[in-house]
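I am opening a notebook on a structure that I have not looked at before, and I will write down what I look up, entry by entry.

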Amino acid sequence: MSNFFNNLRYKFARWMQGRYGADNFTRFLSFLLLGLVVVNLFVRSGILSLLAWAVIIYMYFRVFSKNISKRYAENQKYLALEAKVKNFFSGITDPAKRAKNREQRKNYHIYKCPQCKQKIRIPRGKGMIMVKCPKCGNEFKKKS
Ligand SMILES: [Zn+2]
């Protein structure tokens, strides 16, 4: 019997060769799926169970995908977004960070370069000034 399972595991490992497998985004999707299933225990909505199935299919599509570079890029995008969300919430909950943000707002204006959208920090209280974008060299007038 254990031979049968070993054989099965071996076959599965061979089948998985060259396929992407699980990553952080897979983990997120499985949590999302769990959330959907638990919520649906109470609401029993057809749309939610359809959504849960869509998540399952998408999750396995990614795990068994052979387009590894594309799946990897998706995971990088997911990680960047996750970092952004974490950063946003720590900006709300972390008192040291909040104090620092408040200090920044008091002493500096944050402007975006109209040409390349680079964020530029300008000290407040200097009247109208010419701002030179450090990235693209574009100059524009701003009230500081
Ligand atoms: Zn610029």
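**Entry 1, the largest pocket.** I note at the outset that this is a predicted model. I began with the largest pocket, which holds about 150 Å³ of space. The elements that give two or more residues to its lining are α5 (95-107) and β1 (108-112), and α5 gives the most, with 3 residues. I then listed the lining residues by name, and they are N101, Q104, R105, Y108, I110 and K119. Sorted by kind, the lining of this pocket divides into 2 nonpolar, 2 polar and 2 charged residues.

I next looked up how the chain is divided, and found domain 1 at residues 1-67 and domain 2 at residues 109-144. The C-alpha centres of domain 1 and domain 2 lie 48 Å apart.

I wanted to know how the span of helix α1 compares with what its residue count predicts. Helix α1 covers residues 2-16, and its 15 residues should span 21 Å at 1.5 Å a residue; the end C-alpha atoms are 21 Å apart, so the two values agree. After α1 comes G18, and I noted that its phi is positive, near 80 degrees.

Helix α4 takes in residues 68-93, which makes 26 residues, and from its first C-alpha to its last it reaches 37 Å, close to the expected 38 Å. Which residues of α4 are buried? I found R71, N75, Y78 and G91, and what covers these buried residues includes α2 (24-43), α3 (46-63) and α5.

I asked myself why R71 counts as buried. Its relative accessible area is 4%, and the cut-off for buried is under 20%, so R71 is classed as buried. Leaving out residues up to four places away in sequence, I found that R71 touches Y20, D23, F61, R62 and S65.

I then turned to a loop, the one between β3 (128-132) and β4 (139-143), where N138 has its place. Is N138 buried or exposed? With a relative accessible area of 17%, N138 is buried. Its contacts, again without residues up to four places away in sequence, are C113, P114, Q115, V131, K132 and C133.

I looked up R44, where phi is near 50 degrees, a positive value in a residue other than glycine. R44 lies in the loop between α2 and α3, and I noted that it is exposed, with a relative accessible area of 68%. K117 also is a residue other than glycine with a positive phi, near 70 degrees. The place of K117 is in the loop between β1 and β2 (119-123). Why does K117 count as exposed? Its relative accessible area is 53%, and exposed means over 50%, so K117 is classed as exposed.

Note on methods
Residues are numbered from 1 along each chain as its sequence is written. This is a predicted model: local features need pLDDT of at least 70, side-chain atom pairs count only at pLDDT 80 or more; totals for chains, interfaces and linings use all residues. Side-chain values use heavy atoms; hydrogens and water are left out. On a 1 Å grid over the protein atoms alone, a cavity is a set of points where a 1.4 Å probe fits but cannot get out, and a pocket is an open set with protein on both sides within 12 Å along at least five of seven lines; lining residues have an atom within 4 Å of a point. Grid points are joined across faces, edges and corners, and a volume is the space filled by probe spheres set on the points. Helices (H or I, at least four residues) and strands (E, at least two) are DSSP runs, numbered from the N terminus. Ala, Val, Leu, Ile, Met, Phe, Trp, Tyr, Cys and Pro count as nonpolar, Asp, Glu, Lys and Arg as charged, and the others, Gly among them, as polar. The expected span of a helix is 1.5 Å times one less than its number of residues. Buried means under 20% relative accessible area, exposed over 50%, partly exposed in between (1.4 Å probe, protein chains only). Contact means heavy atoms within 4.5 Å. Domain bounds come from an automatic or database domain assignment.
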